[in-house]
There are 2 protein chains.
Amino acid sequence: MKVIVTGAGGFVGRHLVNMLLKRGDEVVGMDTMAGGIPEGARAIAGDFCDPALQDEALEGGFDALVHLATVPGGAAEADPAASRRVNIDAMYDLLEKAAKVADCPRIIYASSIAVLGHPLPTEGVDDQTPLSPELIYGGHKAMMEIAVAMMSNRKAIDGVTIRLPGILARPKGPSGMKSAFMSDLFHALKAGEKFTCPTMPEATIWAQSVNRCAQNFVHAITCDSSKLPPTRAVTLPAQRMSMGDLAAEIARQCGASVDLVSWEPDAALEAAFGAYPPLSAQAAENAGFADDGTIANLVQSALETL
Amino acid sequence: MKVIVTGAGGFVGRHLVNMLLKRGDEVVGMDTMAGGIPEGARAIAGDFCDPALQDEALEGGFDALVHLATVPGGAAEADPAASRRVNIDAMYDLLEKAAKVADCPRIIYASSIAVLGHPLPTEGVDDQTPLSPELIYGGHKAMMEIAVAMMSNRKAIDGVTIRLPGILARPKGPSGMKSAFMSDLFHALKAGEKFTCPTMPEATIWAQSVNRCAQNFVHAITCDSSKLPPTRAVTLPAQRMSMGDLAAEIARQCGASVDLVSWEPDAALEAAFGAYPPLSAQAAENAGFADDGTIANLVQSALETL
């Protein structure tokens, strides 16, 4: 199978490309810099908005395209014009070109729970939760969810939109993401270092291990799209857990003391990233997507890729 | 009150502008040609995508902006690039500029039931029906519904999206709209002429008189946006009726014989425009929007503006 992956040098992209290469797929990886794209993939590096670069990636056709490249949340807030250019305009161009070079190709679009609001609706999220984004990132992601649905209804593409929860554990170091504390907790406890968590232990998050997330993308490549809702979009299942329970499980598996963690809540951060409501992801489960099953599984999987 | 109306020379636009002028509003009307914009409004004519034209309309600020200008359904299918340029890109530009010249201004966006699918979901439409457009027009309208919601959630604008059903009765003559048969029925029976309807008498449509529609826009200018759903979008209430019942009522009010109408169903046209499912427009009603009440009222109102 020939699979094009945009954002192939990113956190999720690298794991996905490696998984695809391992199973024998031919992978074309696009990213800003060639360096992050795993060896074994054909690397196409440069500005995602450049029409020539998109043409180069699509040349010769493909079986599936996984679109991960994005201007992420914080960067989109800081530069809405860049988000509009990359997250809407360039993606729309890519979809139109992809529909021309292949016959109703499978396109997997990485969207975000930010399309549902920020913070998320306190009463909980399910498959009836309407699109009501507040972040620039969530707004642009939601607009392109509609484009994917519309082009799929027209049979120009065979689209699958999956909305990602928090993905654990991101590499160490300053990512600029406000939600980085969830990953930093792993790095600290594995190293037996003290960690100050900017939430209460009772703060609730949704997460998936990066391996589980990559497996969901692999599933999306061949899943039966007739099992998707008419929007073609599903919110991925995720482990909903408290930061306290997560810390205890990481400590247990690392043989570290949970007392290394102190709790100094930052009200604004906790409201945005530590108050995730109950989640029902029935539509995604019906279409064969899955979470890690238990906190223990999630932590074990995340520690393996640390 | 200073109200900017785009598409001010169109069918709904002209009725709305006249209604606003009558109640003493200052109206700035934008349209491709100055000729269609009612006298009394300040006419700004030209290409809606032209940044200079948008700047001219917004200069000096405003109290509310009603956005009716659009590449309509058939034209959007024929030229998706034009629809993308006008219905997405230029509207997004306008929203961003409007948010800069005024403080969280009321923006009323004319969307369409095409955002819900084409044909509409057979099981019926209510406020939980997801956005799953198939027409280019419906797709682009739905994408910009999201932009209006996102900018409203950010308090950059105070948006109100209303989705229009069929509006009766459009002026006589070739409009190029496949749904023109609904209006042509009025013109024929009023003139006592024979009419061949391309549906069965049992075909069901949703409609509003143009006066009722314009009143809904006027209501949207000052309605309490906190009563809207989190999407800021409502499907307007409409009379759901059979073409046979509509023909009988028009004939009665015109003193014509309903036998002037013969029925020669066109299967494709009837599937698209003559099989409208049950409609619940509770969210719109909660926010104070209304339909004509009865078929008799709708017909009387439509005949008055013929």
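Helices (H or I, at least four residues) and strands (E, at least two) are here taken as DSSP runs, numbered from the N terminus. The model is predicted: local features need pLDDT of at least 70, side-chain atom pairs count only at pLDDT 80 or more, and totals for chains, interfaces and linings use all residues. Residues are numbered from 1 along each chain as its sequence is written, while chains are lettered from A and ligands numbered from 1 in the order in which they are written.

**Overall form of chain A**

Chain A contains 11 helices and 12 strands. Its C-alpha atoms occupy a box of roughly 55 × 40 × 35 Å along the principal axes. For 306 residues, a compact globule would have a radius of gyration near 19 Å, and the 19 Å of chain A agrees with this; the radius is taken over C-alpha atoms, and the globule rule is 2.2 Å times the number of residues to the power 0.38. A residue is termed buried if 20 or more other C-beta atoms, placed from the backbone, lie within 10 Å of its own, exposed if 12 or fewer do, and partly exposed in between. By this criterion, 53% of the 306 residues of chain A are buried.

Two strands are said to pair if DSSP finds at least two bridges between them. In chain A, seven strands form an open sheet with parallel pairing, in the order β3-β2-β1-β4-β5-β6-β10. Its edge strands are β3 and β10 (233-235) of chain A, each of which pairs on one side only. From one strand to the next, the twist averages 20°, where axes are lines fitted to C-alpha atoms (for helices, over the stretch in contact) and angles run from 0 to 180 degrees between N-to-C directions. Helix α2 (residues 51-58) of chain A packs on the sheet and touches β1, β2 and β3 of chain A, its direction making about 170° with that of β3(A). Contact means that the C-beta atoms of two residues, placed from the backbone, lie within 7 Å.

Strand β2 (residues 26-31) of chain A is largely enclosed by the rest of the structure, because five of its six residues are buried. Five bridges link β2(A) in the parallel sense to strand β1 (residues 2-6) of chain A, with A:Lys2 opposite A:Glu26. Four bridges join β2(A) to the parallel strand β3 (residues 42-45) of chain A; there A:Met30 faces A:Ile44 and A:Asp31 faces A:Ala45.

**Individual residues**

| Residue | Phi | C-beta neighbours within 10 Å |
|---|---|---|
| A:Lys155 | near 65° | 11, exposed |
| A:Arg232 | near 65° | 24, buried |

A:Lys155 lies in the loop between α5 and β6 (158-164) of chain A, and A:Arg232 in the loop between α7 (210-222) and β10 of chain A.

A cis peptide bond, with omega near 0°, runs from A:His118 to A:Pro119. A:Pro119 belongs to the loop between β5 (106-112) and α5 (136-153) of chain A. In chain B, the bond joining B:His118 and B:Pro119 is cis, with omega about 0°, and B:Pro119 is placed in the loop between β5 (106-112) and α5 (136-153) of chain B.

A:Gly274, in the loop between α9 (267-273) and α10 (282-286) of chain A, is buried, with 24 other C-beta atoms within 10 Å. A:Gly274 and A:Ser242 are 32 residues apart in sequence and 8.4 Å apart in space, C-alpha to C-alpha.
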